[in-house]
Amino acid sequence: MATTNTSPDQRAVDSALALPITPKRMGRFNRWDTPWLNRKLLTGAAIVGAILLIGIFGRLFWDTDLAFTASSPLNLPPPGFVNSRGQEGTWAHPLGTENSGRDMLALMIVGAPNSFMVGVVAATVGMTVGVILGFSAGFIGGRLDDFIRLISDVTITIPTLMVLIVIQALLPVIELSTMALLIAAFAWPSPTRLIRSQVLTMRESGYVQMAKLSGTSTFSIMFKEILPNLLPYLAASFIGNATGAILAAVGLETLGLGPQRVPTLGGTIYFAISGAALLRNMWWWWALPTLLLALMFIGLLLINLGLDEVANPRLRQASR
Amino acid sequence: MGRLTLGYFLRRFSIFLVTIWLAATLIWIIPRLAPGDPITAMVGRMIRQAGYVENSDIIIEGWRERFGLNDSLPVQYVRYLGNLVRMDFGYSLAYFPTTVGEIVGRALPWTVGLLLVAVTITFFLGNFLGALLAWRGTPKLVKYLIPVGMIFTSIPSILAAIFLLYIFAFFLDWFPLTGAYKAGMTPSLSIEFITSVIHHGTLPALSVVLVSFGYWALGMRGMMITVEGEDYMHLARAKGLNPLYVLYRYMIRNAILPQVTAFAITLGTLVSGQVLVEYIFAYQGMGNVIFSALRNQDFPVIQGTSFILILMTALAVLIIDLIYPLIDPRISYERS
Amino acid sequence: MTTSWNQPPVLKVRGLKVYYETPKGDVLAVDGVNFDLFKGETLGLVGESGCGKSTAAMGILQLVTPPGRVVDGEVLLEGHNLLGMSEQALRAVRWIKLALIPQGAMNSLNPTMKVSAQIKDAIIAHEGKQANKGIKPRILELLTMVGLPGRVYDLYPHELSGGMKQRVCIAMAIALNPTVIIADESTSALDVVVQRVVAQTMLKVKDALGVSMIMIGHDMGLMAQMVDRIAVMYAGKIVEIAPVKEMFAEPKHPYSQLLIESVPSLKERKPLKITEGITHDPRNPPPGCIFQLRCPFVMDICRVQPPVMRETNEGQLVACHLYPESVDGSLINVADVARNP
């Protein structure tokens with residue numbers, strides 16, 4: 001028997017599913033049974049999408065200039081609440097203001113996409129490098145593989161935040177893009193390792209061997225046979241990477257090492273902590289950016305879990 | 001049990017050395033790629049923050065001299081590496097003449113202690129719950145309850161720290177707001193002191209545990225499901241073994257192996273998260289040292305603490321790597 | 001040890017049905033299997049991939065896992081029905097009465113346990129904790145019985161070759177001297193030479209202990225030399241059971257004929273008669289005979305009425321409309337209790 005590694009039940013189901021499906025069934029099968037339409041994935045995407053929409057369309061409805069220092073009254077609570085000085089909130093600042101006169105709603109609208117951007121840029125760069133290195137290591141092998149594996153094994157264990165703290169403490173100016181690229185410099189090892197191991201597995205698999213025997217070029221095997229099958233893994237790895245990058249960015253920002261010129265969610269938390277927002281009970285100051293970030297991370301986690309189930313059908317079955 | 005071969009040891013040890021060297025070099029090189037030199041940048045930041053610093057030119061020149069920034073780059077680099085090997089990080093700028101080594105020496109035990117407790121709880125709790133999630137024998141109710149506890153998973157620990165601080169320290173006043181023990185106490189082995197340490201350490205440790213145990217639970221669940229499909233599980237069941245024995249000796253024992261590898265890989269993230277938590281709770285560990293050094297622009301301290309944390313992480317990874325062949329019998333053979 | 005035909009069978013399987021749940025309906029993997037296994041006998045269960053033979057084995061062992069489930073039937077081991085037994089009661093029967101030599105021995109051993117520990121845990125689970133002094137010689141003896149050197153005792157599975165792993169599995173199966181051993185494609189993953197040696201070891205050990213054995217496989221040629229009787233399975237049903245000699249001399253069912261004609265031989269080059277795969281949807285078998293779509297002799301009745309098992313000669317049973325008459329004109333043996341012909 002060709003498939004000796006699967007359990008007997010699995011094999012029975014496999015062989016059952018390998019049977020011809022009538023055209024009528026086929027249509028239904030394709031439309032509704034795609035693993036990509038998965039509840040976790042959709043919920044996560046909805047959460048992240050909503051946060052992004054607030055960032056993109058929010059500026060159409062709200063004056064983002066209010067995110068600048070001294071553009072609004074100081075320390076105002078949201079409407080319906082009273083701050084420690086007895087001031088009541090107004091609808092002019094529906095989420096309140098902080099201690100240097102910035103409007104919280106404007107800060108959220110401008111800050112959320114900034115924090116998200118860092119993640120996307122760092123993950124894209126890290127992913128691209130990872131795909132190139134992973135494929136090279138897996139396909140070319142030999143010395144190159146040894147070298148790439150060593151460097152990624154080494155880099156992956158370095159506590160990125162510590163390195164970034166030292167670097168950013170020494171940089172005169174930090175732009176959003178600088179921070180994203182610095183984070184990206186540590187975001188490639190995990191996609192590299194993932195793709196390398198997947199390529200190694202797939203290289204030995206039947207269909208790639210068949211493609212090789214039939215004289216298909218290495219390049220086209222890589223992109224036509226292997227890459228499509230890696231898609232769910234790549235997507236999950238991308239989201240994981242973006243999560244890690246945002247995590248690093250938020251860490252740096254809350255330590256006051258973020259970009260100085262644009263507001264970020266982490267930067268807002270930094271100011272809230274240095275402004276003793278907790279002790280002054282200015283919950284709107286620290287809680288809003290914290291909640292928004294927490295939501296963003298929950299959304300990303302759900303996407304990742306969903307993608308995991310797409311990539312690994314066994315998990316899907318078990319979660320039913 | 002497996003065995004530890006010399007070849008494996010040497011390979012892991014050289015990875016350890018390369019890690020340290022690479023991190024140290026990155027820390028040194030990247031700031032020097034930026035225009036200007038680090039000292040000017042630092043003083044520049046000071047000026048931006050303080051508004052005006054007297055005699056800034058003299059300060060810059062003085063520091064340039066002390067850091068040897070007037071030497072050629074290769075000379076600086078070799079001297080830098082030499083200092084690291086001797087664990088000599090120089091003096092703190094803010095608390096001269098205290099050395100960086102002294103500052104780190106005071107803070108490190110707190111960080112390591114808190115980290116050990118938090119990470120041990122996280123790893124065992126997470127894997128245990130993950131195993132329960134995947135195991136057939138787990139009661140349905142438990143299977144529904146565990147995911148509820150995992151809502152914090154993947155949220156940065158610093159965010160969890162802020163929430164916990166607000167709810168349990170500020171609002172409910174069950175736990176102290178800051179510090180690692182009651183202010184004014186002298187560290188001793190008295191019951192009173194230890195109680196105070198536990199009382200102060202609970203929320204910081206909880207912040208780390210809450211955000212990361214779910215990660216382990218999910219990973220463990222995935223591994224358990226994979227193991228469940230293995231042929232040896234069929235045979236184990238056919239043998240009529242006790243289900244709890246099968247769970248422990250066949251499923252968990254095999255599923256935990258990749259988790260240990262994952263543990264080594266994520267240690268860096270854990271350390272970073274912990275540092276940020278310490279800063280939120282003003283816990284007298286490395287995180288707090290780093291934060292006040294950042295505020296004081298005390299660069300030698302920033303560099304020293306970060307390097308020590310990188311070193312500790314690499315050391316922990318090395319130790320895990322060396323233990324690994326003892327728990328996975330297949331490893332020592334792969335290399336030979 | 002010779003087979004005791006005149007004693008009651010040690011294992012009676014009646015109307016066993018195992019279905020797999022799929023999004024588009026149940027797959028009828030095993031759909032009403034009946035057979036007897038006598039003391040000391042080796043029964044071969046033969047059929048192509050996906051015919052349900054391994055699933056039948058799992059059904060007998062009560063090891064069907066979701067999405068599969070045992071729907072109906074009786075598995076009577078020395079008179080006790082295993083179906084419906086509590087998990088605890090089953091555990092007491094397992095390995096003592098009913099052992100398994102698994103398929104894919106490559107992955108059938110726990111990679112993190114030494115060979116000795118994996119044999120030991122089965123012994124301890126059923127006999128209770130005991131001193132290593134007693135167990136070690138016992139395990140060494142088992143290893144010797146299956147032709148393994150004593151050093152295997154302290155090795156991990158990854159240090160063994162495929163054939164050695166399979167021998168370990170055999171040693172494990174006989175550790176408690178079970179009544180019935182099910183060997184599920186136990187040699188398929190090995191190369192041909194090792195396959196034969198391992199299969200011979202299996203039979204030698206079986207004869208020495210006098211256990212009954214169900215050997216599952218797809219290789220008719222190998223089976224011919226190993227077993228006493230052969231049961232041919234197609235699409236979840238047994239279509240013919242006969243002693244090896246009768247089966248090869250005069251296969252009755254068209255499917256058995258195809259299988260046997262396809263056994264390669266040195267004397268003549270034969271065209272491959274058999275085409276691959278079960279042709280109907282196993283979720284929705286056609287009315288009448290399950291083999292109708294591939295049968296060269298298909299008749300009108302085959303499309304309407306499912307055939308019942310009849311004993312055509314002494315010991316040879318076949319379910320086919322080509323043989324309407326039993327030896328004594330009646331439906332015989334297993335069919336009397338079969339709920340679904």
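Begin in chain C by selecting helix α9 (residues 254–261), which lies across β3, β9 and β10 of chain C and runs at about 110° to β9(C). Helices (H or I, at least four residues) and strands (E, at least two) are DSSP runs, numbered from the N terminus. Axes are lines fitted to C-alpha atoms, for helices over the stretch in contact, and angles run from 0 to 180 degrees between N-to-C directions. Two residues are in contact if their C-beta atoms, placed from the backbone, lie within 7 Å.

The model is predicted, so local features need pLDDT of at least 70 and side-chain atom pairs count only at pLDDT 80 or more, while totals for chains, interfaces and linings use all residues. Residues are numbered from 1 along each chain as its sequence is written, and chains are lettered from A and ligands numbered from 1 in the order in which they are written.

**The sheet of chain C**

Next, select the strands β6-β7-β8-β3-β9-β10-β12-β11 of chain C, which in this order form an open sheet of eight strands with mixed pairing. Two strands pair if DSSP finds at least two bridges between them. At the edges are β6 (98–101) and β11 (309–313) of chain C; each has a single partner strand, so one side of each lacks a neighbour in the sheet. From one strand to the next, the twist averages 20°.

Now select helix α1 (residues 53–61) of chain C. This helix lies across β3 (42–46), β6, β7 (180–184), β8 (212–217) and β9 of chain C, at about 150° to β7(C).

Which way do the residues of β8(C) point? C:S212, C:I214 and C:I216 point one way, C:M213, C:M215 and C:G217 the other way, and all are buried. A residue is buried if 20 or more other C-beta atoms lie within 10 Å of its own, exposed if 12 or fewer, and partly exposed in between, with C-beta atoms placed from the backbone.

For an antiparallel pair, select β10 (residues 237–243) and β12 (residues 316–319) of chain C, joined over two bridges. The bridge partner of C:I241 in β12(C) is C:L317.

**The two domains of chain C**

Colour chain C by its domain assignment: domain 1 (11–235) and domain 2 (241–339). These bounds come from an automatic or database domain assignment. In chain C, 28 residues of domain 1 are in contact with 22 residues of domain 2. On the domain 1 side, β2(C) gives the largest share, nine residues.

**A glycine in chain B**

Move to B:G214, located in helix α8 (residues 191–228) of chain B. B:G214 is buried, because 25 other C-beta atoms lie within 10 Å. Not counting residues up to four places away in sequence, B:G214 touches B:G126, B:M150, B:F152 and B:T153. The C-alpha atoms of B:G214 and B:F152 are separated by 7.7 Å, although the two residues are 62 residues apart along the chain.

Finally, show chains A and B together: 54 residues of chain B are in contact with 40 residues of chain A.
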